[in-house]
Amino acid sequence: MSSNKGRKLVPANIDELKPYVPGKTIAEVVEAYHPAKISKLASNENRLGHSSKVDEAVNEALKTVSDYPDPVANKLKASISEKTGIGSNRIMVASGSESLLAILCRTFFQNKENLITADATFIGMFVQAKIRGVHMKQIPVTKDYRFDVKAMVNAIDEHTKMIYIANPNNPTGTYITKEEYEWMMEQVPEDVLVIMDEAYFEFTDTVSDYPDVLSYDHKNVIVLRTFSKAYGLAGFRIGYAIAREEIIQYMLKTKLTFEPGALAQAAAIASFDDEAFLNESRNVVRSGKERLYKFFDEQNIKYIRSAANFVMICLDTEEEAIYITQKMLEKGVILRRINAFGLPNCIRITIGLSHELDHFEQSFLEVINT
Ligand SMILES: Cc1ncc(COP(=O)(O)O)c(C=O)c1O
């Protein structure tokens, strides 16, 4: 028998992946610094929690949790169809947008095909592409931290399979406009798939030129949405994709058969029924952003106006960003430095409830004035 000596356990693309470094948990922060109060503003979760209708639905679903879930989530798809006006045949449900990104990577890429995206965008896309060994063309964001749509279109070559746009983008909060979207779709060949990751879609009601992507008939567009943000169900892991039927059929072939779980499906259906909760979430985010813009204006801190549920600030140096994030942590305010997104001098702040923003502002003033 020949020896395996010298053979690597994993391929180079897996070896090169950096493990996900989660932000500190509330328990870890309490243990390390004993702050009087904790405000977790690091992960773009819904600080209001979730709709109370979810509790009842999940309790009911628990009764049959010994059965496998519906693998194609028919009930939930019917709700999504009703809400969006898109036929159920063009919808699929999976364990969050991240799972949908994984499905996209394992379904569509062949040989040398590449993916075009920005350098400062959702890391989950980079990770899934890397796992699949996909070559990525990461186009720098513009000076004002926006997707450079023209440069992305110019980067298309004969091997381009996919363009990924997070709209609004994480971590910048910026978005591509209706005009940019329409221009891009005129340029992009039909055999290049355009992924519009709309994880923060529900918060875009504040911007008038956000593209209503579902209203066009573009055959190569795949829209991703999630229940993790505005609906407050991040812990359940559930999201959906909308595309033409053929694309959905291919994606269904590589989805893990029974994702997402039955409780997640029940929770998502119930959360769709609670417009009041959704509106409250939107109001918290809208007024919280206005409040932070005013605060940062007063403090002369550079921020980027956001169409999502977070705001990015940019300091002069990386050292300043490290210092502020660490000192804020010691005061119990958990923020996200976004060095991993390629913006080492920036910090992302999830919009919290009013008492959390009090805590943020007070701590921030103490940190920058000492
Ligand atoms: C742009 C973007 N896409 C996808 C996700 C992941 O969402 P999900 O919880 O549905 O996997 C996030 C989460 O932060 C995100 O910011």
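Me: Before we start, how are axes and angles defined here?
Reply: Axes are lines fitted to C-alpha atoms, for helices over the stretch in contact, and angles run from 0 to 180 degrees between N-to-C directions. Helices are DSSP runs (H or I, at least four residues), numbered from the N terminus. This is a predicted model, where local features need pLDDT of at least 70, side-chain atom pairs count only at pLDDT 80 or more, and totals for chains, interfaces and linings use all residues. Residues are numbered from 1 along each chain as its sequence is written.

Me: Why is α4 called roughly parallel to α10?
Reply: Helix α4 (residues 74-84) and helix α10 (residues 262-272) pack at about 25 degrees, with axes 9 Å apart. Angles under 35 degrees count as roughly parallel, so α4 is roughly parallel to α10.

Me: Which residues of α5 and α9 meet?
Reply: Ile103, Arg106 and Thr107 in α5 meet Tyr250, Met251 and Thr254 in α9; contact requires C-beta atoms, placed from the backbone, within 7 Å.

Me: How many residues surround the ligand, and which are closest?
Reply: There are 14, the closest being Gly96, Glu98, Asn170, Thr226 and Ser228. A residue is near a molecule if its C-beta atom, placed from the backbone, lies within 6 Å of it. Helix α5 gives the most to this shell, with 3 residues.

Terms used: Two residues are in contact if their C-beta atoms, placed from the backbone, lie within 7 Å. Helices (H or I, at least four residues) and strands (E, at least two) are DSSP runs, numbered from the N terminus. Angles under 35 degrees count as roughly parallel, over 145 as roughly antiparallel, 65 to 115 as roughly perpendicular and the rest as oblique.
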